Amino acid sequence: MYAGDYFQNSPVRFKMTAPAHFPHTPLTSEQRRNIFYAVKEALHNVVKHAQATEAEVMVTLKNQVLAIIIRDNGVGMPEGELNRFGNGINLMRKRLEGIGGEFSIESSEGTRIILSMPVWAI
């Protein structure tokens, strides 16, 4: 698993939460690629900028919406400073919007990034 490997040589403790049984959910190659790179950028930000000791990736599928939540307990981002960190964040947003998804970020007691998109489970 990429996320677990990413934190292996860092001081950040990592936890992954996902349903035990995940229905088959076909994704296009563009959807897979954009989701992967958005998650990769979020994990990179945790290690490089957050000064976090813990990080978690949660995957949910509810009401035909796939959500991936990346949260950490780091320093967060000062109010109004999103533009200063904008390249990666803007690219994550564009990646999700490009596949019909949504991107949101919250910075309070760490950072929480939510990537979500409608899917059709089989």
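The model is predicted: local features need pLDDT of at least 70, side-chain atom pairs count only at pLDDT 80 or more, and totals for chains, interfaces and linings use all residues. Residues are numbered from 1 along each chain as its sequence is written, and side-chain values use heavy atoms, with hydrogens and water left out.

Q: What makes a set of grid points a pocket and not a cavity?
A: The grid has 1 Å spacing and covers the protein atoms alone. In a cavity, a 1.4 Å probe fits but cannot get out. A pocket is an open set, with protein on both sides within 12 Å along at least five of seven lines.

Q: What is the volume of the largest pocket?
A: It is about 380 Å³. Volume here means the space filled by probe spheres set on the points, with points joined across faces, edges and corners.

Q: How do you know which residues line the largest pocket, and which are closest to its centre?
A: A lining residue has an atom within 4 Å of a point. The largest pocket has 14 of them, and I35, F36, V39, V59 and I68 are the closest to its centre.

Q: Which elements each supply at least two residues of that lining?
A: They are α1 (2–7), α2 (29–50), β2 (54–62) and β3 (65–72). The largest share, 4 residues, comes from α2. Helices are DSSP runs of H or I with at least four residues, strands are runs of E with at least two, and both are numbered from the N terminus.

Q: What is the lining of the largest pocket by class?
A: There are 13 nonpolar, no polar and 1 charged residues. Ala, Val, Leu, Ile, Met, Phe, Trp, Tyr, Cys and Pro count as nonpolar; Asp, Glu, Lys and Arg count as charged; the others, Gly among them, are polar.

Q: What is the lining of the second largest pocket by class?
A: It has 10 nonpolar, 5 polar and 4 charged residues. The pocket holds about 280 Å³ of space. α2 gives the most to this lining, with 6 residues.

Q: Why is N63 called exposed?
A: Exposed means over 50% relative accessible area, buried under 20%, partly exposed in between (1.4 Å probe, protein chains only). N63 has 69%, so N63 is exposed. N63 lies in the loop between β2 and β3, and its phi is near 50°, a positive value in a residue other than glycine.

Q: Why does E109 count as exposed?
A: Its relative accessibility is 79%, so E109 passes the cut-off for exposed. E109 sits in the loop between β4 (102–107) and β5. Its phi is positive, about 55°, although E109 is not a glycine.
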